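Welcome! Take a moment to look over the sequence and the model, and then we can walk through a few places together.

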Amino acid sequence: FQLKESMIGLASQSAHLFLSLEQSGWSMSLSDDRRSLDFSLETDDQRLSRVDLKLIKEDDATVISQVVIPSYPGVPRPIRIDGFYSVVFGSEEEPILMCSKTNWWIQESANVYRMEIRLYFDDDSSPHSLTPIVSSSLDVGSTRIGVSKELLGIQSNYFCNLFYGDFAEKKKDKYELKKVDEKACLNFIKSIHERTWAYSSVDDAMIALELADGFEMTLINNRMLPYLKTCSISKEGVRELLVLVGRSPINKEFARLIVDACRSTSECVSLVNECSSDLPMATSLLVLSEAHRKAIEERDESEIAIQNSLRDRERKAPVTLRCLEEDGTMMRKKILCLYWLRKEHDLGYPQPIVEEGFHWPDLWEHVPSGFNTVRIEGHDYTRDVYQDPLLLCYPDADSIVQADAYRS
């Protein structure tokens, strides 16, 4: 099979998807993360007013259609298409981009889909060829909103049964959600339609994960992963996160997020043991495996720091710097090799008094702004108070000085 120049192909072991735009003067390209389509126009005499997407199976049956209206009339913007991937590809599959200059062989067992893309302009009087994305209404508490039954149904068994099950609601075309937080649920459904997975706080993200769990929309978990990586999650939040996402299969990246959110690998192991009754065995084993992997990485990093220090004991000292929030959550951890100083005091004794320690000002260069107190061996040192450049400490040859930075 040879791809046409106007087509984009995506392939996995189980399926192939071909994107087709047959309109002169326009070209399209796929983003680097393969989530969005970009459109470009050779001339400026047309203003884009609508983009229609239609997913079609090999037997020419339409699976789902969607209409996208640009936020600003006439201004093309990236169009998210990864919402269709859950229908075409397996949940664990990452499709690859097919090169148009290479011949491809389509497996007989693979499902073949094509996506027809049609652009409309301000002066285009052609009739709408697709069903609008708002295909029904849903009562959430006291509020009625327009929703896409297709979009919600393909991502959730709950909504699939609600919209397409043999219930009275289907005959009346009246659907409602009861016993839910109205505001949180409205925001959640809005984020699914707009495909935005960033929230104003960790608490809002946790509420969204609870709703995803209740509506059986486990695909949402991985889509929220990039946002969760940017958050500082409390110890209680880590436990809640593990239980919420751990009930369904998770990938290594999510498991590592759980591990990194814990203050230590031992804390992570204890957490998994505490939650084991609420987790599938596969989830527990994956998180424990990532915790073990991190412990090996940290041990290797520590050993390298010690070896570097011992190699030149007169000049370097190994120091572990941890930046902690008020609730004890570790925001950052770094192993440093700071200059080691030796100071002699001639007080008239037969032998001079010798003091050793690392160069104190060097440590503050690695402490983030806002963290103004450092605790070492039970003693607190502040940034704005003058300190002797030599901070005395006497670490063993096989240990690292522990320095904890706090905001207060």
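## Around Asp404

Setting aside neighbours within four places in sequence, Asp404 is in contact with Arg322, Leu324, Thr373, Val374 and Arg375. Please keep in mind as you explore that this model is predicted.

Asp404 belongs to strand β19, which spans residues 401–406. Is Asp404 buried or exposed? Its relative accessibility is 11%, and because buried means under 20%, Asp404 counts as buried. Its side chain also takes part in polar contacts: one with the side chain of Arg322, at 2.9 Å, and another with the side chain of Gln402, at 3.1 Å.

## The largest nonpolar core

In soluble globular proteins, nonpolar side chains tend to be buried together. Here, the largest nonpolar core has 55 residues, and the members that touch the most others are Phe188 and Leu241. There is also a second, separate core, made of 26 residues, with Leu10, Trp26, Leu53 and Val68 among them.

Which residues does Leu241 contact, leaving aside those within four places in sequence? They are Met206, Leu209, Leu228, Ile233, Gly246, Phe254, Leu257 and Ile258.

Definitions and conventions. Residues are numbered from 1 along each chain as its sequence is written. This is a predicted model: local features need pLDDT of at least 70, side-chain atom pairs count only at pLDDT 80 or more; totals for chains, interfaces and linings use all residues. Side-chain values use heavy atoms; hydrogens and water are left out. A nonpolar core is a set of buried Ala, Val, Leu, Ile, Met, Phe, Trp, Tyr and Cys residues joined through side-chain atoms within 4.5 Å. Buried means under 20% relative accessible area, exposed over 50%, partly exposed in between (1.4 Å probe, protein chains only). Contact means heavy atoms within 4.5 Å. Helices (H or I, at least four residues) and strands (E, at least two) are DSSP runs, numbered from the N terminus. A polar contact is a pair of N or O atoms within 3.5 Å; within protein, one must be able to donate a hydrogen and the other to accept it, and residues adjacent in sequence count only if both atoms are side-chain atoms.
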